[in-house]
Amino acid sequence: MTAARPLPYTAMARMAGRRLLHAAPVLLAVTFGVFAIAAASPFDPVKAYAGTAGMTASKEALADLRANLGADQPFAARWWDWLTTALSGDLGDSTSMRQPVAAVIGERIGWTMLLCAVAFAAAVVVGTLLGVLAARRRGGLLDRTVTSLAYSLEAAPPFWLGLLAVWLFALQLGVLPAGGLTDTGTDTATFGQVGSHLLLPASVLAVSQLPWFVLYVRQGVGDALDEDPVRGAKARGLAPRTVLFGHALRSGLLPVLTLIGTRVPELITGALLIETVFSWPGIAAATVEAATGVDFPLLAALTVLATAAVLLGNLISDLLYGLADPRVGFDG
Amino acid sequence: MADSLTGAGAGAGGWRTRGAKRRSARTLRIRTSSAIVILVVLAVLVVPPLAQLDQQAVDITAKLNPPSWSHLFGTDDVGRDVLLRCVYGLRVSLLVGVVAALVATVIGTAVGALAGALGGRLDRLVMRLVDTFSSVPHLLLGIFIVAMFRPGVWPVIISVGLTHWVSTARIVRAEVLSLRGRPFIDAAISGGASRRRVAVRHLIPGVLPQAALAAVLMVPHAIWHESALSFLGLGLPAHTASLGAMVSGGRGALLAGDWWPVAFPGLFIVVPTLAVAGLAAAWRERLNPRRQSELML
């Protein structure tokens, strides 16, 4: 591992290609499922499109609209229509935002990525640190504190933690803003403004992701510390620091860190709640608004997008795992 | 770590006292968890029919009173008692959680057992379905289902049930596969037992403990999910007391500096969840004593 070794690019590319081929039917199935659920529900696209005007419109006008929207066709036909236009780049119009779906996503996805990336990075760094510290003396005071804190945090709903954080940091201490992207009254998003508004939501999102990292790192490193090579290294009288960094962390930490790609679903779940609590103008908050307004085109697009993100996370995870542990390889 | 390398006698002694300490800590954990679970079940079952109190009783003169002896958890923005509403909310959340967990467990056990027992092409198909379902984030799929079928209790239950069966299906399938390879199943088959008899006498009893454990662990998950949906305003109808809706409803008061309408309903989610997880860990330790216990959520 220490000598520079060329990465197995071809094997990795082949794995990525295979996964892409697997992802296509999964995404297809998800879009089909989304349309099937909508077809089975009492949801009526015509009424959703017409809004309050639909209450007073004549039967004929509604029937015309129905034919225009293609809502009189069976759902499989509507699914196929949606799919073919979506593949040409047109995801339809959002009924709650009165904007093309692609524009809504384009405007908001950057803010969500920023929030998630900062929170995720913080969770990885802090989680690894706490996990390693806890694993060094399993059953010790630090270990017990960290572990029980992790379990309590895991049980706490992120939206509740978010509101308590607002109460403490924004209201009692008055050090951080309670929500939004910028102060009220300013339109331009400057670096400092966004930074100060990002700190609280990103910290709460990080805290909600933290328990998993702490517990897995603790388990991985703790098990590695009990393995024979580590015991051997200790018996040879190597310094505890050398044993920890040179032996235990390499075999215990690396596999855990590669798993972070599989945390995308939990990150999306957390973002859905945190963005709503902090009025963060991201895509997850838009999802909740779309659900409240029964905005089917936007919801369908976002569900597919989230699924693609999850599959991408899994792929990254498997690639990293293959790199970290050559025995696993890139056959999956 | 260091004492495991010191002399054998000292090591053994240290091991024994440490083991005893761990056992007593475990007993304490089990007792506390049981006490909390019993208290919760009692409160939820007994308080509403016995107490002649109306949880919706509005008293504008007593709005947003901080916790005191007459209102232990304070009052909310229209003067309703937060403690009483928490108990009612927990009652609703627990009911929804138990039913949703049952739905998820029944679907998961049926799918997992069928896939594991029949194998072959059906198994591959089912596992692809499981993979597809687990690629969609739970809460997002739940939000989608609820948005389409809203409002009501059943959409919430179905949304939780349809998104949470996957893990149970995986567990049950793995268990069935491992049971199928055991000698006593071979013995039963070569003894002339019918498929049905093997399934009823050997497979189902073998799978049941794992499925039941998964079902118990599913209840806090379901409550978490329901309260998240209710918090987002997509869950139960607004007039039903629900813990998530209470947290959401307390937001205005919280932004004015009054913490109790938000803090207590959240605690009512966290504490029972931890208690159930503690009991489930103890149970799993009995099922599989060799594996060191970890709480599981």
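In this predicted model, 43 residues of chain A are in contact with 39 residues of chain B, a contact being two residues whose C-beta atoms, placed from the backbone, lie within 7 Å. On the chain A side, H1 (9–40), H7 (141–155), H8 (158–172), H12 (264–277), H13 (283–292) and H14 (296–324) each supply at least two residues; helices are DSSP runs of H or I with at least four residues, numbered from the N terminus. H8(A) gives the largest share, seven residues. By class, that side of chain A holds 32 nonpolar, eight polar and three charged residues. Nonpolar here covers Ala, Val, Leu, Ile, Met, Phe, Trp, Tyr, Cys and Pro, charged covers Asp, Glu, Lys and Arg, and polar covers the others, Gly among them.

The largest nonpolar core has 153 residues. Such a core joins buried Ala, Val, Leu, Ile, Met, Phe, Trp, Tyr and Cys residues through C-beta atoms within 7 Å, where buried requires 20 or more other C-beta atoms within 10 Å of the residue's own. Among the members that touch the most others are Leu115(A), Val214(A), Leu140(B) and Phe144(B). Helix H9 of chain A (191–225) contributes the largest share of this core, 17 residues. Leu140(B) touches Ile268(A), Leu272(A), Thr287(A), Thr303(A) and Ala306(A), leaving aside residues up to four places away in sequence.

The predictor assigns the complex an ipTM of 0.85 and a pTM of 0.84. Chain B has a mean pLDDT (per-residue predictor confidence, from 0 to 100) of 80. Over residues 1–14 of chain B pLDDT stays under 50. Where pLDDT is low, the predicted coordinates should not be read in detail.

Residues are numbered from 1 along each chain as its sequence is written, and chains are lettered from A and ligands numbered from 1 in the order written. Local features need pLDDT of at least 70 and side-chain atom pairs count only at pLDDT 80 or more, while totals for chains, interfaces and linings use all residues of this predicted model.

Note on methods
A residue is buried if 20 or more other C-beta atoms lie within 10 Å of its own, exposed if 12 or fewer, and partly exposed in between; C-beta atoms are placed from the backbone.
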